[in-house]
Each structure stands twice: as structure tokens, then as C-alpha cells.
Amino acid sequence: MAVGVAIKSDGKQYAGKITWFVLLSCMIAASGGIIFGYDVGVSGGVTSMEPFLRKFFPGVYRKMKEDKEISNYCKFDSQLLTSFTSSLYIAGLISSFFAALVTRDYGRKPSIIIGGVAYMVGAALGGAASNIYVLIIGRILLGVGLGFTNQSVPLYLSEMAPSKYRGAFNVAFQICVSIGYNSATLINYGTVKIKGGWGWRISPRNGRRPGRNSRVRALFVPETPSSLIQINDDHNKARKALQKIRGTNDVQDELDDLIEASYASKAIKHPFRNLMQRKYRPQLVMSVLIPFFQQITGINVISFLRAYTLPNNWFGRKRVSVVGDSDRSRRVDVYANHGSFGG
């Protein structure tokens, strides 16, 4: 796994400033968050469109049409539909372990590029799918893309940012998630109105753009000094990179701490076992509880299933029309996403 070790700086401030080079590099890297946000936004919208359900999930479509008094919770009770949705997150979970190895052994840039390529191919397959098998394969590749970008982008931002602004720079990733999410919502809002039954293909196919942008732009961003030290043990190259991103030649203190942290990281033989030690228990507990409570708030349920649950619970049991329900649920969706971001 890609191991990070805290630098014991005793509260000292390193020389340097926020340079335009760092800002542009981090903006390019953080744009990988658009991939995650876009897919979350697209998934919930596309699976509520009648042409999509009629083609890939006819059983769900028949339930939706035959008895309009049945709760939406029952109409969309489909193992195949659940497999389609969950395949992305299973693939993302598994690929994140491989992404950690790539990030550690080859650098942060390659991991970002691999994530962009996988997402681009997955989006193309999803938009062109003619059967459920191709659709799920595309979904799995999307998950691989998310696994790699979610592993490497936050780490890249943390290592490029000046230590005292690290938290602020990481927020850029969340902002890009929000941008991708709301972009997908607006695209779904338009494509659901297209007549002919092919509008749903536009939403997943447009996912190629953030994937392609992430891949191409990542070719031009520099590798982080921490990565240069960790992979090649090239102190001179790391010093030059650090001088460039900090805008000063006085980087020896920070370089020394990075080298010390790299050696400490390599000395750790069993990182998962070390996490169970008593001295790391507070950090371990908080790292588990924070995402746990974020999930049980239900905000992700609104994100993924709002097209099913909102028409049923907020707008009455009878579905007026797919367009009407989608319009209303997408308006609520935007507010829900901003609520999640603010939380």
C-alpha cells in the first residue's frame, strides 16, 4: 500500500509560498474528482429513464408500468439492477489495492493516468452498450478508474501543497466531485427529454471527456518530491522539484524531513498490523467512524436512488411522467449534493 508517514516538524513553518505552478498542477490533478462526481450523478439518473430500463431491465420496466400503486421500493427490487449499480463499487474497492501498489512503486502520475484511461474506456462501452454484459463490463472499468483516481489524487494534492495549506488544497478534490455531480445532473435533465429512446446513451458517453481530460492533463503535471524520493531515492531531483513548486531555493529543511519520512515509511514492514497498535487507535477509530457516519446520514441514498424514492415519497405515489419526476428529483438532487458538500 502507499504508506504516508507524518513528518515531525515540531510546528515549524517551511520556507516557500503558494506558486502558480503548484496551483495549476493541483487544479489539474483535482479535476480527477470530476470523474467520481460525474459517475454518481449519471448512475441515479440513467437508471430512472424508461428507454434504459426497457432495454436492459425489462422486468423492472414491466413492474413500473403494470401496477402504479406498488411502492417504488418493490418495483426496483431487482438483483440484476443491483448488480449493475454495485459492480462499480466492488471494482473500485478491489482496484484501489492495486492502485496503492502502483502509486507507491511507480508514482502518483501513472496512477492518475491509468484511472483516466480506464474511466474513458468504461464510459465509451457504457454509452455504446447493446446488452447487459457490455454494460456491466463498462461499469467495472468505471470502477477501476475511480479506484485509481480516488487513491492517487488526494495523495498528490497533499504532497504538492504547502504543509499549512494542505487541508485547503484537498478541498479542491471535493469541489471537483461536486462539479462533476451537478454536471451529470444537468446532462440527465436534458437527455431524459430526447425523443427516440436513445437519449440515455449521451449521459454515460459524456463521461469520456473527464476521463480523457484527466489522462491528458496528468501527462503535464510534475511528480511530487515525496514520490521522487520514495521511488528513485533521487535527492537532487527532488530538491529541484521542491524548489520549483515552493518558489524558493531554501528548501533543505523540508527536503530533510521528506527524506526522513521516506526512510521511516520503507522501514515499516507490516503497515496494517501497525495500525492495530494502541498508539494509533484514535486515528484508526476516527478514520472508520467519519465515513461511517457520512454513509448513515442517508445522503448517498438520495444521490443514487432519488429518481425512485422521491417521486414515491415526496411527490405522491402516482408517477405523473418520467420527465416530470426526473425534473423534480434532479432539482432536489442538486440541493442534496450541496448539503453533502457543506457537511
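Q: Before we look at anything else, what counts as a contact here?
A: Contact means heavy atoms within 4.5 Å of each other. With that in hand, take this predicted model: of the contacts in the protein with a separation of 6 or more, 78% are between residues 24 or more positions apart.

Q: And how many helices and strands does the protein have?
A: There are 18 helices and zero strands. As for burial, 46% of the 343 residues are buried.

Q: How do I read the packing of two helices?
A: You describe the pair by the angle between their axes and the distance between the axes. The crossing of α2 past α9 is right-handed.

Q: Which residues of α2 and α9 make the contact?
A: On the α2 side you'll find G33, I34, F36, G37, Y38, V40, G41, V42, G45 and V46. From α9 come F173, C176, V177, G180, Y181, A184, I187 and N188. Sorted by class, that contact has twelve nonpolar, six polar and no charged residues.

Q: What should I keep in mind about which way helix residues point?
A: An α-helix has 3.6 residues a turn, so residues three or four places apart point the same way. Back in this model, have a look at N182, which sits in helix α9 (residues 166-191). N182 counts as buried because its relative accessible area is 15%, under the 20% cut-off. Its C-alpha atom is 6.9 Å from that of G41, although N182 and G41 are 141 residues apart along the chain.

Q: What is the angle between α6 and α8?
A: Helix α6 (residues 79-106) packs on helix α8 (residues 132-160) at about 40 degrees, again with an axis separation of 6 Å. That makes α6 oblique to α8. The α6 and α8 crossing is right-handed, and the contact of α6 with α8 has 18 nonpolar, ten polar and one charged residues.

Q: Which residues is S111 in contact with?
A: S111 belongs to helix α7 (residues 108-128) and is buried, with a relative accessible area of 0%. If you skip its neighbours within four places in sequence, S111 is in contact with A99, V102, T103, F148 and S152.

Q: How do I check the length of a helix, say α16?
A: Count 1.5 Å a residue and compare with the distance between the end C-alpha atoms. The 16 residues of α16 (residues 281-296) should span 22 Å, and the ends are 22 Å apart, so the two agree. Just after α16, G298 has a positive phi of about 90 degrees.

Methods. Residues numbered from 1 in each chain as written. Predicted model: local features only at pLDDT ≥ 70, side-chain atom pairs only at ≥ 80, totals over all residues. Heavy atoms only, no water. Helix = DSSP H or I, 4+ residues; strand = E, 2+ residues; numbered from the N terminus. Expected span 1.5 Å × (residues − 1). Buried < 20%, exposed > 50% of the residue type's maximum accessible area, 1.4 Å probe, protein only. Axes fitted to C-alpha atoms, helices over the stretch in contact; angles between N-to-C directions. Parallel < 35°, antiparallel > 145°, perpendicular 65-115°, else oblique. Left-handed = near helix turned anticlockwise from the far one by under 90°. Nonpolar A, V, L, I, M, F, W, Y, C, P; charged D, E, K, R; others polar.
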